[in-house]
Amino acid sequence: SGGLLAGNDNPGVADQGASVGVKYRDQGHAHLAPGSLHPVYDTNPPTSGAHVPVPVLRDETQLSNDQLLQALETGNVVIMYGTPTPPAGLKQLATQVAGPFSPALAAAGQAVILAHRPGQPGLLGLAWTRAIRVDSVNDPRLRGFAQLWLGKGAPGQ
């Protein structure tokens with residue numbers, strides 16, 4: 001049972017299951033100069049929007065909104081967790097889907113980036129304009145989400 005996440009978000013996608021996630025409005029991917037005012041994003045954390053292009057140089061840390069949006073824009077999938085370290089099996093899932101994290105892989109939009117987010121219940125998978133919440137790394141929707149959206153960043157990327 002996929003609940004509200006099992007809707008027909010994208011009928012052209014081969015994976016018609018709940019791993020498609022919830023689709024949000026595309027707020028664009030304009031690049032801002034450092035120190036610029038940021039827009040108000042539709043979601044928290046944001047899944048699209050103007051940002052300062054700050055690369056992700058390591059995972060298993062907290063990401064700023066700028067790092068998160070740059071990662072999503074280029075096609076990475078970010079999985080957020082609330083525990084001090086990634087839950088058992090999460091690093092293995094990320095490595096199986098995309099290989100071990102590296103800054104070069106992230107710059108190419110081909111990484112599954114693990115990010116600590118204090119207070120995050122369960123796991124939150126993020127892609128450009130997409131999100132999925134699951135309770136456990138063992139939920140097959142999380143792997144499906146990562147596989148489906150990896151490499152699919154902002155339009156024109």
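**Salt bridges and nonpolar cores**

With a relative accessibility of 41%, Lys91 counts as partly exposed; this class lies between buried (under 20% relative accessible area) and exposed (over 50%), calculated with a 1.4 Å probe on protein chains only. The structure is a predicted model, in which local features need pLDDT of at least 70 and side-chain atom pairs count only at pLDDT 80 or more, while totals for chains, interfaces and linings use all residues. Residues are numbered from 1 along each chain as its sequence is written, and side-chain values use heavy atoms, with hydrogens and water left out.

**Salt bridges**

- Side chains of opposite charge can pair when their charged atoms come close.
- Three salt bridges were found in a search of the whole structure; the term denotes a side-chain nitrogen of Lys or Arg within 4 Å of a carboxyl oxygen of Asp or Glu.
- Lys91 pairs with Glu60 in one of these, at 2.6 Å from N to O.
- Because Glu60 belongs to the loop between strand 1 and helix 1 and Lys91 to helix 2 (residues 90–98), this pair ties together parts 31 residues apart in sequence; helices (H or I, at least four residues) and strands (E, at least two) are DSSP runs numbered from the N terminus.
- Glu60 is partly exposed, at 32% relative accessible area.
- Arg25 and Asp42 form a salt bridge through their side chains, at 3.0 Å from N to O.
- Both Arg25 and Asp42 lie in the loop between strand 1 (22–23) and helix 1 (65–74), so their pairing links parts that are 17 residues apart in sequence.
- Arg25 is exposed at 53% relative accessibility, whereas Asp42 is partly exposed at 44%.
- Asp139 and Arg141 form a salt bridge in which the closest N and O atoms are 2.7 Å apart.
- Asp139 counts as buried at 17% relative accessibility, and Arg141 is likewise buried at 19%.

**Nonpolar cores**

- The largest nonpolar core comprises 22 residues, and those with the most contacts inside it are Val77, Ile79, Leu90, Val112 and Leu123.
- At least two residues of this core come from each of strand 2 (77–81), helix 2, strand 3 (112–116), strand 4 (123–127), strand 5 (130–134) and helix 4 (140–149).
- Another core, of 18 residues, lies apart from it and includes Tyr41, Ala115, Leu124 and Ala131.
- Such a core is a set of buried Ala, Val, Leu, Ile, Met, Phe, Trp, Tyr and Cys residues joined through side-chain atoms within 4.5 Å.
- Leaving aside residues up to four places away in sequence, Val77 touches Ala111, Val112, Ile113, Leu126, Phe145, Ala146, Trp149 and Leu150; contact means heavy atoms within 4.5 Å.
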